[in-house]
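Here is a short report on one structure. Look it over first, then read on section by section.

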Amino acid sequence: ELVRILERASELRLNAVLLQIRPAADALYPSELEPWSEYLTGQQGRAPEPFYDPLQFAVEQAHARGIELHAWFNPYRAWAPSATGTAAPSHISRANPELVHRYGAFLWMDPGEPAVLRRSIDVIMDVVRRYDVDGVHLDDYFYPYRENDASGREIEFPDSGSYARYRAGGGALGRSDWRRNNVDRFVAQMYDEVKRAKPWVKVSISPIGTWRPNVVPQIIGFDAYESIFADARKWLVDGSLDFMVPQIYWPIARTDMSYPVLLDWWVRQNVRDRGLYAGIITSNVNFAPGPRAGWRADEILGQIYIARGRPGADGHVHFRMGTLMPKHAFAPISDTVPPERVDSIRADQRRLQARLDTLTTRLRDETYARPALVPLMPWLDDAPPPQPRATLRGSTLAITPGTGEASFLWVVQWRASDVAPGTPPWRTEVLPAATREWRAPAQEVWISAVDRLGNQSRPMRVTGAGER
């Protein structure tokens, strides 16, 4: 399944994949800190049979295709209703139950406990040190989204004990400010420790797209600052990350939570000029009759082009990959469905598949027709890698890495002869740096090296007669 996903990413010319490896204080890789995830094997604590390391496999397979692999962590969630089994003895809910609270249908680690901050950072740093990941990613789950009881009343998150200990120790912040400060300290400390270990590993966060209501007159919606105590604007302003992916999961034409208006607001907050990529909810492309009708491909394509046209927006991230896979997996139609409904359901499935096929075909052939390098991050490194050496014998380009910093990609460019009038003649191919031979489509090509932070060497001209 990982191979199919990465092959599809390569076909669509995506340049990075964010892979969730810690859904709920568990691990989709061998860990001495947390148990194997039931989302991988069906039983928490059970290793894959036959054994393999999914994260190591994903890193190797992504890099072999010239794709970055970012490890995606959930820092505080300990149990979700989608879990069907029981917690393993090493799971935090059993090994350290004093750090975990039941909140609605979830179990949640208490961000106010110093041991929780330390544990989550230890988990992240274990991965950073052991694996050649390109990035560390967090999504929008910090303090939990509010839950209601059976009567519909909002449940208060049960952190009175940790807050009382904070106040008893001389802390003066009000509870909401204290909660935000807990998350801020985690984000800043995690960033610093990642950079001390491996400065090139990118740190990113994907907050909900509305920081606070009324940041511009027409924008309403969710208050992440007060409801889940996530001051994402502060992290961007302080530089506690390398790129941000605000989840702007609303359509272009929706005025109260407008995609272009929110994108423009986030760009204006980016005073340090860190990476700013629009989070796009591609999974909203679906078919549902009536008022729940899903988005068409044009909505997603339009959002991509808006991000491309907005100075300060450096790219975009799709959620999620399943929507971009070649064939949508429809659940079998239940035997209990009345026979007269079966044809209608199958027709809806065909319409949805047509929408998905239209989206991926247009992405491949139009929007992503040409490859793109990852955006530069000069605050981490702005030195280009050494030029490669290359020779062209017949139609084979032989590539030898330069001496010094390892390259991540090769960029090969050539002038095509059979182009339609008005069409740019230059063609570009991006190759993984493990490539040593490549079939050249012309007898004159230019090749340059790219490091893992997007810095590009001076291009070198290669012909059948030699190189310059």
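## The second largest cavity

A24, D26, E38, Y39, Q44, W79, A80 and A83 line the second largest cavity. Its volume is about 30 Å³. The lining divides into five nonpolar, one polar and two charged residues. Here Ala, Val, Leu, Ile, Met, Phe, Trp, Tyr, Cys and Pro count as nonpolar, Asp, Glu, Lys and Arg as charged, and the others, Gly among them, as polar.

The model is predicted: local features need pLDDT of at least 70, side-chain atom pairs count only at pLDDT 80 or more, and totals for chains, interfaces and linings use all residues. Residues are numbered from 1 along each chain as its sequence is written, and side-chain values use heavy atoms, with hydrogens and water left out.

## The largest cavity

How many cavities of 30 Å³ or more does a search of the whole structure find? There are two. A cavity is a set of points, on a 1 Å grid over the protein atoms alone, where a 1.4 Å probe fits but cannot get out; lining residues have an atom within 4 Å of a point. Volume is the space filled by probe spheres set on the points, with grid points joined across faces, edges and corners.

The largest cavity holds about 70 Å³ of space. Its lining is made of Y103, Y143, P144, R146, E154, I155, E156, F157, R179, S227 and F229. By class, that is six nonpolar, one polar and four charged residues.

## The second largest pocket

A pocket, unlike a cavity, is an open set, with protein on both sides within 12 Å along at least five of seven lines. The second largest pocket contains about 450 Å³ of space. It is lined by 19 residues, and R13, P371, T428, E429 and V430 are the closest to its centre. Strand 13 and strand 14 (426-432) are the elements that give two or more residues to this lining. Strand 14 gives the most, with five residues. The lining has 10 nonpolar, four polar and five charged residues.

Strands (E, at least two residues) are DSSP runs, numbered from the N terminus.

Three strands form an open sheet in the order 11-12-15, with antiparallel pairing. Two strands pair if DSSP finds at least two bridges between them. At the edges are strand 11 (389-393) and strand 15 (437-439), each pairing on one side only. From one strand to the next, the twist averages 20°. Such angles run from 0 to 180 degrees between N-to-C directions, with axes as lines fitted to C-alpha atoms.

Strand 12 (residues 396-400) runs antiparallel to strand 15, and three bridges join them.

E405 sits in the loop between strand 12 and strand 13 (409-415). Is E405 buried or partly exposed? It is partly exposed, with a relative accessible area of 35%. Buried means under 20% relative accessible area, exposed over 50%, and partly exposed in between (1.4 Å probe, protein chains only). E405 touches D381, A383, P384, P385, P386 and D451, leaving out residues up to four places away in sequence. Contact means heavy atoms within 4.5 Å. E405 and P386 are 19 residues apart in sequence, but 6.8 Å apart in space, C-alpha to C-alpha.

E68 lies in strand 2 (residues 68-73). E68 is buried, at a relative accessible area of 2%. Beyond its neighbours within four places in sequence, E68 is in contact with N15, A16, V17, D134, K202, V374, F408 and R452.

Methods:
Helix = DSSP H or I, 4+ residues; strand = E, 2+ residues; numbered from the N terminus.
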